[in-house]
Amino acid sequence: MKSLSPLSVDPAFALAFRTLHPVPSKPTSLLVLLHGVGGNEGNLAALGAEASGNALVVLPRGPVALGPQAFGWFRVAFTGNGPQIVEAEADASRRTLIDFIGQLQQAHGIDAAHTVVVGFSQGGILSASVALTAPERVAAFAILAGRILPELEPQLADVQRLSALRGYIAHGTHDDKLPVSWAQRASDWLDRLGVAHETKLYPTGHELGMAMRADFLAWLARGDQRWNRPDGVP
């Protein structure tokens, strides 16, 4: 049975984080799971526990403290005109995560071709932000009940750099935090960028339900069969 490690605060890494134990002796894949606003690094542990036993599963803590055991990647206000973000915080978190993932890859000898970044809600926003601006850092990304920030456009990588990337979008049609229209906008944007992706909708609210979890894990396995191969052989 997998469990969460104690919180690691190491100057060699740009973020505090936990890992799922037991850690594979020679992990061939890296799965980085990003929590939502007001959550913490333990929120997606159960999802990570369902991934391949040979993947290193890392759960970083958002750098913006919002309360006791409540963190985020940037502050946001939900208004009648849509979400209003603190753009400087979102960009700082994006850059920090790019560095953090690179530090993990170097420390564990895992390359970008076997790295996936995934997030729920605001974590999904950051997973897209990392992948679409630094596609050389990851093979794939997933947005679970999140969106792609319109403010990200000036930092987007060009179409050629994005061509090898793959994405996944999952969203509830009754989401009252981020309406399902954000999922369609994200899908349309990825189409324009030439990013191969799947989009799945569910009759749920702003949550990570069982069907969404199962479909995400199936996508993860389909995308790279080596994810489930201990020897990493194609």
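The following dialogue goes through a predicted model and the terms used to describe it.

Tutor: Residues are numbered from 1 along each chain as its sequence is written. Because the model is predicted, local features need pLDDT of at least 70 and side-chain atom pairs count only at pLDDT 80 or more, while totals for chains, interfaces and linings use all residues, and side-chain values use heavy atoms, with hydrogens and water left out.

Student: What makes the protein as compact as a globular protein of that length?

Tutor: The protein has six helices and 12 strands, these being DSSP runs numbered from the N terminus (helices are H or I with at least four residues, strands are E with at least two). Its radius of gyration, taken over C-alpha atoms, is 16 Å, close to the 17 Å that the globule rule gives for 234 residues, so the protein is as compact as a globular protein of that length; the rule is 2.2 Å times the number of residues to the power 0.38.

Student: Why is Glu41 called buried?

Tutor: Buried means under 20% relative accessible area, exposed over 50%, and partly exposed in between, with a 1.4 Å probe and protein chains only. Glu41 has a relative accessible area of 3%, and therefore Glu41 is buried. Its place is in the loop between β3 (29–34) and α1 (45–49).

Student: Which side chains are joined to that of Glu41 by a polar contact?

Tutor: The side chain of Glu41 is joined to that of Arg18 by a polar contact of 2.7 Å and to that of Arg61 by one of 2.9 Å. The term requires a pair of N or O atoms within 3.5 Å, where, within protein, one must be able to donate a hydrogen and the other to accept it, and residues adjacent in sequence count only if both atoms are side-chain atoms.

Student: Why is His114 called buried?

Tutor: The relative accessible area of His114 is 12%, so His114 is buried. His114 is found in the loop between α2 (87–108) and β9 (115–120), and its side chain makes a polar contact of 2.8 Å with the side chain of Asp111.

Student: What is the phi of Ser121, and of Ala145?

Tutor: Most residues other than glycine have a negative phi, and most peptide bonds are trans. Ser121 has a positive phi of about 60 degrees although it is not a glycine, and Ala145 likewise has a positive phi of about 60 degrees without being a glycine. With a relative accessible area of 9%, Ser121 is buried, and with 0%, Ala145 is buried.
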